[in-house]
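Thank you all for coming. I would like to walk through one structure with you this morning, taking a few places in turn, so please have a look at it first.

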Amino acid sequence: MIKRKEDLRIVFMGTPEFAVESLKALVENNYKVVGVITMPDKPAGRGHKMQFSAVKEYALSQNLPLLQPEKLKDEAFLQELRNLQADLQIVVAFRMLPEIVWNMPQYGTFNLHASLLPQYRGAAPINWAIINGEKETGATTFFLTHEIDTGKIILQRTIEIGGNDNAGTIHDKLMVLGAGMVTETVGLLLEDKIDAIPQEKLIKDETELKNAPKIFRETCQLDFGMTVENAHNFVRGLSPYPAAWAELKFPELEEPLVLKIFETKPEITAHNLKPGTVISDGKKEAKIALTDGYLHLISIQAPGKKRMNTGDFLRGLH
């Protein structure tokens, strides 16, 4: 029998800011959140001061019961989770759950994923959609199952990726869109109106699936063999975090510098310069020669400095 809204016991699992908006939507819509699971605190910064996750900060502000397990298969944690007697678990930007966890509640566990599944399964869907030059992306709620990001789809919503969007702007749009989808999904469940679709029905050709693997520092290095458009998308897809980077030799400097690149402007034009060559007027503008044109540097960060526009950086070299 489907429960009434006021009786439905929900456990929420998530860690970063992206997840807070969904938890907040549940709380503000008067759902009964009986527990919040988030990552253990970790030391951060120079003083190695223990840092709380964004979800923990919000949970504490709302006096929500909080669990921070090191291991999700730990028997003590599993018993605490059972004691919460959840009817439903909701996961937003957390970690891979063992079956003993996702299979515990009577209504199962659903996840909010920041892509249009089955495309961009993996840890960094927002980044890879932009890096690959997609014109749209979206969010999906789906039931958890054995293989990561493969469960039956409940809801999907689409948003456009504009020419000036980057990973930061799309993150914020999907964070808000996704929060609404989480409460809508719970509402459908309470009304017994969920008609979940197996992802296999949406896959015409397995070879057309694009993945979204975790991003590491080496992933973020700009390849001078890229086209201008691909390089511009690469920078947008990694901005503002973790940020694309390149080792660049400015005419004004004797040694090359490793710079983070946050914002660029593409210029497609023929030239005969070696890709990776930096051209600068020393005052306002600097651009990198690529295979089919130039990538103008708009916003960058030098080692030990703050992010700044390229003009300020160039004037600081004199």
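This is a predicted model: local features need pLDDT of at least 70, side-chain atom pairs count only at pLDDT 80 or more; totals for chains, interfaces and linings use all residues.

Let me begin with Gln-85, which is exposed, having a relative accessible area of 55%; here exposed means over 50% relative accessible area, buried means under 20%, and partly exposed lies in between, with a 1.4 Å probe and protein chains only. Residues are numbered from 1 along each chain as its sequence is written, and side-chain values use heavy atoms, with hydrogens and water left out.

Gln-85 sits in the loop between helix 3 (75–83) and strand 6, where helices (H or I, at least four residues) and strands (E, at least two) are DSSP runs numbered from the N terminus. Although Gln-85 is not a glycine, its phi is positive, at about 50 degrees. Asp-149 is likewise not a glycine and has a positive phi, of about 60 degrees, and its place is in the loop between strand 8 (136–143) and strand 9. Is Asp-149 buried or exposed? At 8% relative accessibility, Asp-149 counts as buried.

Turning to the sheet, seven strands form an open sheet with mixed pairing, in the order 5-2-1-6-7-8-9, and two strands pair if DSSP finds at least two bridges between them. The edge strands, each pairing on one side only, are strand 5 (66–67) and strand 9 (153–160). Further in the list of pairs, strand 6 (residues 88–92) and strand 7 (residues 109–113) run parallel and are joined by four bridges, and the bridge partner of Val-92 in strand 7 is Leu-112.

In strand 5 we find Leu-67, which counts as buried at 12% relative accessibility. Leaving aside residues up to four places away in sequence, Leu-67 touches Val-36, Ile-37, Thr-38, Phe-77, Glu-80, Leu-81 and Leu-84, contact meaning heavy atoms within 4.5 Å.

Finally, there are two cis peptide bonds to point out on the screen. One joins Leu-117 and Pro-118, with omega about 10 degrees, and Pro-118 lies in the loop between strand 7 and helix 5 (125–131). The other runs from Tyr-241 to Pro-242, with omega near 5 degrees, and Pro-242 has its place in the loop between helix 7 (228–237) and strand 10 (244–248).
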